[in-house]
Amino acid sequence: MDLGARLADARSPSMTLLPDGSVDRRFGVLNREQEPVTRDQFAAWLTGGQRSFVTDRRGVEPGGQSVNAAMQARALDADVELYGHLDHDVFGVLDVDRYSMGAPAAVNVYEFEDAAMMLTTESTDIQTWSYADFAAAGGERALDADAVVWLNWASLPNSTAALHRIADTSGEGDVFTIDPGGVGVRTAAERREFVGALSALADRYEVSLSVNDEELQSLARALDVTGPIPEATHDLRERAGVAAVVMHGEQRAVAATREAVYDVPNFHTPDVRRFTGGGDRFTAALAFARACGWVWRDALELANAAASYYVATGLTGDRAAIAEYAWDAVGTASATHSPND
């Protein structure tokens with residue numbers, strides 16, 4: 001059964017997403033001729049001592065990893081509840097049930113021709129957030145959703161303690177998927193404590209850790225895990241005792257599960273519209289698929305397609321758009337590669 005048929009038959013699982021949120025202001029970085037520049041050109045300017053730059057204001061958007069993932073989950077027709085830091089009018093465009101736990105972060109996104117850079121100011125509410133704020137927003141009742149999706153652990157100092165609190169709550173949890181964000185900003189000891197919290201959660205949920213290659217290596221180093229990506233995902237999963245460790249990358253997704261290690265090629269995206277936010281769509285689609293009972297390989301295919309569609313178009317794809325994108329991408333690849341490639 002192809003991806004389009006699987007999506008057409010998929011149910012609409014309940015999904016709870018948490019706990020960040022940001023107001024994203026996007027700017028293009030330009031040269032004096034008002035043309036986009038590459039990241040290397042910008043770095044050369046800095047190295048050469050230039051201190052004044054031209055930017056093009058491109059808009060203000062709701063942001064944050066959990067917000068991005070909530071948009072993807074809703075586009076896939078999940079029943080979504082978002083618990084984030086959403087005290088700003090920009091979040092009014094979201095077509096999800098949302099519950100705010102305070103003020104969002106402020107993010108300036110500087111977009112180059114081939115990359116993007118984000119400068120973030122965290123709000124006091126994010127810096128002091130705790131599980132008690134989640135409970136006060138009514139979130140405890142949402143922990144028994146078909147999928148709980150936690151994003152941006154790295155930006156909330158009290159997040160490890162909150163994960164332990166969730167592990168200690170009663171209930172019948174199903175899927176728990178966590179994308180921790182830029183774990184390199186946390187100490188090695190904090191990263192080890194984070195993995196310990198995942199182990200505690202594994203007694204209640206099917207826990208999947210979703211990371212990019214840099215985040216995978218950062219967590220692996222903290223636990224003295226070495227080796228290339230397939231081995232690192234396998235060994236990190238063994239150490240954590242979770243259902244899966246999943247690496248999402250530009251070329252492929254690799255998932256180490258209790259049964260096997262899966263390696264699923266990503267879709268080729270020659271024209272990139274967005275350099276940030278694809279991983280959040282990957283994590284949301286992965287959780288959606290697992291909540292629908294899909295096998296790992298099929299879940300990875302959907303997650304790759306959702307992320308690649310966003311990177312290629314700048315839009316969050318619904319079921320039909322993602323299915324069409326995947327079908328066209330496979331057809332193009334078949335037409336441009338010989339059987340011996």
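This report walks through a helix pair, a sheet and a few residues of a predicted model.

Residues are numbered from 1 along each chain as its sequence is written. In this predicted model, local features need pLDDT of at least 70 and side-chain atom pairs count only at pLDDT 80 or more, while totals for chains, interfaces and linings use all residues; side-chain values use heavy atoms, with hydrogens and water left out.

**A helix pair**

Let us start with α10 (residues 278-291) and α11 (residues 296-313), which pack at an angle of about 150° with their axes 8 Å apart. That makes α10 roughly antiparallel to α11 (angles over 145 degrees count as such). Axes here are lines fitted to C-alpha atoms, for helices over the stretch in contact, and angles run from 0 to 180 degrees between N-to-C directions. Helices (H or I, at least four residues) and strands (E, at least two) are DSSP runs, numbered from the N terminus. Among the residues making the contact are F282, L286 and F288 of α10, together with W296, L300 and Y310 of α11; contact means heavy atoms within 4.5 Å.

**An open sheet**

Next comes an open sheet of 4 strands in the order β3-β2-β6-β7, with mixed pairing. At its edges, β3 (54-63) and β7 (116-121) each pair on one side only. From one strand to the next, the twist averages 20°. Strand β2 (residues 22-30) pairs with β3 in the antiparallel sense over 9 bridges, and R25 has V60 as its bridge partner in β3. Two strands pair if DSSP finds at least two bridges between them.

**Residues worth a look**

N68 sits in helix α3 (residues 65-75). Is N68 buried or exposed? With a relative accessible area of 12%, N68 is buried (buried means under 20%, exposed over 50%, partly exposed in between, with a 1.4 Å probe and protein chains only). Beyond its neighbours within four places in sequence, N68 touches P62, G63, G277, D280 and R281.

Most residues other than glycine have a negative phi, and most peptide bonds are trans. A cis peptide bond joins L18 and P19, with omega about 0°, and P19 lies in the loop between β1 (14-18) and β2. Two aspartates have a positive phi, as tabulated here.

Terms used:
Angles under 35 degrees count as roughly parallel, over 145 as roughly antiparallel, 65 to 115 as roughly perpendicular and the rest as oblique.
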